[in-house]
Amino acid sequence: MKNFEGLNFYEILKIPANSTSFEIKRAYQDALSIYNEDSLVTYSLFSNEERGNLLNTVKEAYSTLIDENKRAAYDAILLDSGQVEMSITSIQNQKTPPHAHTSHMTDSDTVEERVRKKSRKKEVETLSNEILSRDLISGDDLKKMREAAGIELSEMNAVTKISVSVLKSMEENRIESLPPNIYLKNFLRHYAEMLQIDPKKIIDGYLKHISLTKKKL
Amino acid sequence: MAQIYPIGGGKGGVGKTFITASLGALLAKSGKKVVLIDLDLGGSNLHTVLGINDQQGGINRFLDKTVKNLENTAVPTVIQNLFFISSSLCSMEIANLFHAHKLKIINAIQKLAFDYILLDLGTGTNFNTLDFFLTSNQGIFICTPEPTAIENSFRFIKAVYLRKLKHIVKQHSFHSAVKKAVSHPNHEAITSPDIIEIVLKHDPDREMFLRNSLSGFKFKFILNQFRKNLDATIGDKIEDLCNRHFYSNFQFLGNVGYDVRIHDSVLSKKVFIHKYPYAPPAIDIKKITEKIINTRPFIPLTGEIS
């Protein structure tokens, strides 16, 4: 009898090297249905020891491939040994697809870099210093700083992943369509980081401005 | 060159004889010249399933030299192109066949001039059955989807496998440690650590040769008496599993549905396929027959039995 000699974890679970975690889980269930003690398919084929060893290997394959970090490390070993090619492993390839409304599908890293450069301009700094010195910060202020830096809403979205409609609601002070505060705070932090200004001041100033506006209504 | 298909499987009552008769009938109906040989020595039934009242016998006349050529003992059946060689009138002690007689039968079978030769084998894993199964490198084993039958099938495969190994090792020069392991297999050597490993240890040069010899063997199997409520992928799973864990090839030919009328046709001594050509099991076997006709013959082995 042969065991799993010479087979890698993907081959043991009979899945391609670029399988999703869903496919890995299903393949694991299938493998268990074959190698488990109560399986009709392997009834009496293996001794208890053989079956135990095979099951352990199947479990090891599953626990390695289902864990993103372990899988990446394992893929690296396979790549080094030349068992698979770069193009078919790399889990990075299957991360979130590009957003439909970014007209140019550049890599988010390069967008981020470009955006950051923009906010480093001198005149932007003067404007933001002036705004940050205030107690209240409105959506208009946010928009002014963003436009001064020459950052498009779509670029903002590409880096922060905040949807364009929420960004607009923030800038236009549309209280009724703003997300709950817990999310809003986080969005403001991203927004501020994008402009490379102090997030705390932005969050405090903006929330104060919003609560004052609410009272006025 | 005739294609020989031994039909075996460890357990009794799984339908070896029924499948042999049905496959033979369908191969004959598709225009091939077919002979069925009852090699369930001491437990012959095939003549009954074929509806033949055997008064002459077949293999017995060949063994006692009344008939010189085995081919002349073949009798026609109700189906055109389908011939039959009986063993029902052999001696009551025929189950314990002499070694020389066994070789005589095997050699004669390999010389028969037919398109297809189907061998209906007996139950169990005695040497005669195993050697008849090894007459060809494309034996079919019949199994039913039950633990008892599956257990006996795996035992049968392992027994064939070991027998095959013995033949290979006996005929070629292997290290004495290998010869010893094969001729006195303790329980472990038959199952797990594998003769291959022993060869690897003592005779590394011969490892590829042994692997190739074993991979030249192609087991085919059929799941018979298959009921509708079962997982239809069992056969594919077994095929895949065996290809993974044995050094030989396995091909799943298909499921054959359960049908009470099969029992009826045995009672009335009629060929089922002939009587109910459109019953589900008949359709199933028709598909299997087509698969067999369309398979390119595996490189035949001769002279492996000594």
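Me: In what order do the eight strands of the open sheet in chain B stand?
Reply: The order is β3-β4-β2-β5-β1-β6-β7-β8 in chain B, with mixed pairing. Strands here are DSSP runs of E with at least two residues, and helices are runs of H or I with at least four, numbered from the N terminus. β3 (75–76) and β8 (249–257) of chain B each have a single partner strand, so one side of each lacks a neighbour in the sheet. Before we go on: this is a predicted model, where local features need pLDDT of at least 70, side-chain atom pairs count only at pLDDT 80 or more, and totals for chains, interfaces and linings use all residues. Residues are numbered from 1 along each chain as its sequence is written, while chains are lettered from A and ligands numbered from 1 in the order in which they are written.

Me: What makes β6 and β7 of chain B a pair?
Reply: Pairing takes at least two bridges found by DSSP. β6 (residues 140–143) and β7 (residues 218–226) of chain B have four, in the parallel sense, so they count as paired. In one of these bridges, B:Ile142 partners B:Ile222.

Me: Why is α6(A) called roughly antiparallel to α7(A)?
Reply: Their axes come within 9 Å and cross at roughly 170°. Axes are lines fitted to C-alpha atoms, for helices over the stretch in contact, and angles run from 0 to 180 degrees between N-to-C directions. Angles over 145 degrees count as roughly antiparallel, so α6(A) is roughly antiparallel to α7(A). Contact means C-beta atoms, placed from the backbone, within 7 Å; among the residues involved are A:Leu127 of α6(A) and A:Met145 of α7(A).

Notes:
Parallel < 35°, antiparallel > 145°, perpendicular 65-115°, else oblique. Contact = placed C-beta atoms within 7 Å.
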